[in-house]
Amino acid sequence: MLATRHLRIDIPKMLNDLPPLPNNPSLLHTHISLVPAPALMREERGSGVSTRGDLVEGRGRKESCGWIMIEHTFMDRITMDSFLRSRLPSLQDGSSSGCIQFLLSVLLTKGVASIQSEMDESNGHLIGAHGYCTQELVNLLLTGVAVSNVFDGEVDMGSKGKEKLVLRGLNKQSEIGLLSLFEHYQSCMVGSNYKDPVYPIWVICSESHFSVLFSHQRWLLENPRLQRRFDLHYYDGLANQDEAIRLTIDNAEGRGSLVEDALTPPLELCIRTKWRSVTVSWNGSEPIL
């Protein structure tokens with residue numbers, strides 16, 4: 001079942017630092033957003049509807065206060081998947097604003113009020129300084145929950161005035177993991193819900209952007225024996241790689257601590273926040289410093 005309506009989307013305060021679209025705003029464009037993560041599809045009990053998701057298709061020019069959009073509301077996943085597949089070419093077009101529309105689709109599906117209620121600060125932002133996404137946005141897209149931290153559970157910080165201050169992290173295992181260079185620098189602590197995801201795929205937060213690390217061994221995280229010596233594959237979408245780089249991780253016992261210096265690749269530092277004291281072979285590829 002598909003319901004369609006035209007709407008005008010004003011940019012909420014959470015997106016007030018959003019950089020301009022790369023398209024010429026004087027031209028008429030047609031785009032389609034990416035399907036929101038399954039965790040973002042909201043349930044509507046008592047109405048005969050099991051799931052609901054919203055996709056935003058833009059047919060209009062960017063204006064000073066927002067975009068003219070078409071919202072497509074789907075009452076079942078099969079219809080939504082079929083509709084999305086028919087729009088993939090326009091979504092994958094390098095000149096499109098698919099990421100922006102994906103974000104708007106998430107906002108409509110989850111609801112702005114619901115997203116804000118999950119943040120440590122109710123007036124928090126999804127886009128931070130210099131157009132970078134905040135941790136709330138990363139958590140929202142990976143887990144469906146816009147909490148402000150990457151540790152497990154909650155941390156009670158006591159009272160702040162008349163209100164109790166509680167910092168919130170992930171309360172369950174994520175399907176996709178995350179490793180952060182900031183943990184190596186002791187600026188944060190990534191919990192096991194991110195380090196040990198359902199699938200052996202990790203978003204890498206290193207330097208100025210995100211990349212991805214993954215394994216072809218589906219059961220890698222469930223079998224300690226597989227983690228003694230294994231391959232991971234690394235891909236950076238901004239590095240113009242022709243293919244993923246294969247890394248061999250050696251986690252042999254008794255290796256002892258490793259000496260890290262300024263020439264240690266940041267990716268290796270990220271890997272060692274999960275697998276301590278491992279050696280990393282780049283298998284002939286030039287290490288990325």
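A salt bridge is a side-chain nitrogen of Lys or Arg within 4 Å of a carboxyl oxygen of Asp or Glu, and by that rule the structure, which is a predicted model, holds 6 salt bridges. Side chains of opposite charge can pair when their charged atoms come close.

**View 1. Lys-195 and Glu-183 form a salt bridge between two helices.** The closest N and O atoms of Lys-195 and Glu-183 are 3.0 Å apart in this salt bridge. The pair links distant parts of the chain, with Lys-195 in helix α6 and Glu-183 in helix α5, 12 residues apart. Lys-195 is buried, because its relative accessible area is 12%, and Glu-183 is buried as well, with a relative accessible area of 11%.

**View 2. Lys-274 and Asp-196 form a salt bridge between two loops.** The side chains of Lys-274 and Asp-196 meet at 2.4 Å, N to O, and this pair too links distant parts of the chain, since Lys-274 is in the loop between α7 and β13 whereas Asp-196 is in the loop between α6 and β9, 78 residues apart. The two partners fall into separate classes of accessibility: Lys-274, at 17%, counts as buried, while Asp-196, at 31%, counts as partly exposed.

**View 3. Glu-268 and Arg-272 pair through their side chains.** Here a salt bridge joins Glu-268 to Arg-272, with a distance of 3.2 Å from N to O. Glu-268 counts as buried because its relative accessibility is 9%, and Arg-272, also at 9%, counts as buried too.

**View 4. The largest nonpolar core has 20 residues.** Among its members, Ile-204, Leu-232, Leu-247, Ile-249 and Ile-271 touch the most other members. The strands β9 (201–206), β11 (229–235) and β12 (245–250), together with the helix α7 (266–271), each supply at least two residues of this core, and the largest share, 4 residues, comes from α7. When its neighbours within four places in sequence are left aside, Ile-249 is in contact with Arg-228, Arg-229, Phe-230, Leu-232, Ile-271, Val-278, Thr-279 and Val-280. A second, separate core has 13 residues, including Leu-104, Val-106, Met-119 and Ala-146.

**View 5. Helix α4 has several buried residues.** Within α4, the residues Glu-136, Leu-137, Val-138, Asn-139, Leu-140 and Thr-143 are buried, and what covers the buried residues of this helix includes α2 (98–110), α3, β8 (177–180), α6 and β10 (209–214). An α-helix has 3.6 residues a turn, so residues three or four places apart point the same way. Just after α4, Gly-144 takes a positive phi of about 85 degrees.

**View 6. Thr-143 makes two polar contacts through its side chain.** Thr-143 is placed in helix α4 and is buried, because its relative accessible area is 17%. A polar atom of the Thr-143 side chain lies 2.6 Å from the backbone oxygen of Asn-139, and the Thr-143 side chain also reaches the backbone nitrogen of Val-145, at 3.2 Å.

View 7. Phi of His-130 is near 60 degrees, a positive value in a residue other than glycine, and Gln-186, which is not a glycine either, has a positive phi of about 60 degrees. His-130 is found in the loop between α3 (112–118) and α4 (135–143), whereas Gln-186 is in the loop between α5 (181–184) and α6 (192–195). His-130 counts as exposed because its relative accessibility is 77%, and Gln-186 likewise counts as exposed, at 74%.

View 8. Cys-133 is partly exposed, with a relative accessible area of 32%, and Cys-188 is partly exposed, with a relative accessible area of 27%.

Definitions and conventions. Residues numbered from 1 in each chain as written. Predicted model: local features only at pLDDT ≥ 70, side-chain atom pairs only at ≥ 80, totals over all residues. Heavy atoms only, no water. Core = buried A, V, L, I, M, F, W, Y, C linked by side-chain atoms within 4.5 Å. Buried < 20%, exposed > 50% of the residue type's maximum accessible area, 1.4 Å probe, protein only. Contact = heavy atoms within 4.5 Å. Polar contact = N/O pair within 3.5 Å; in protein donor to acceptor, adjacent residues only side chain to side chain.
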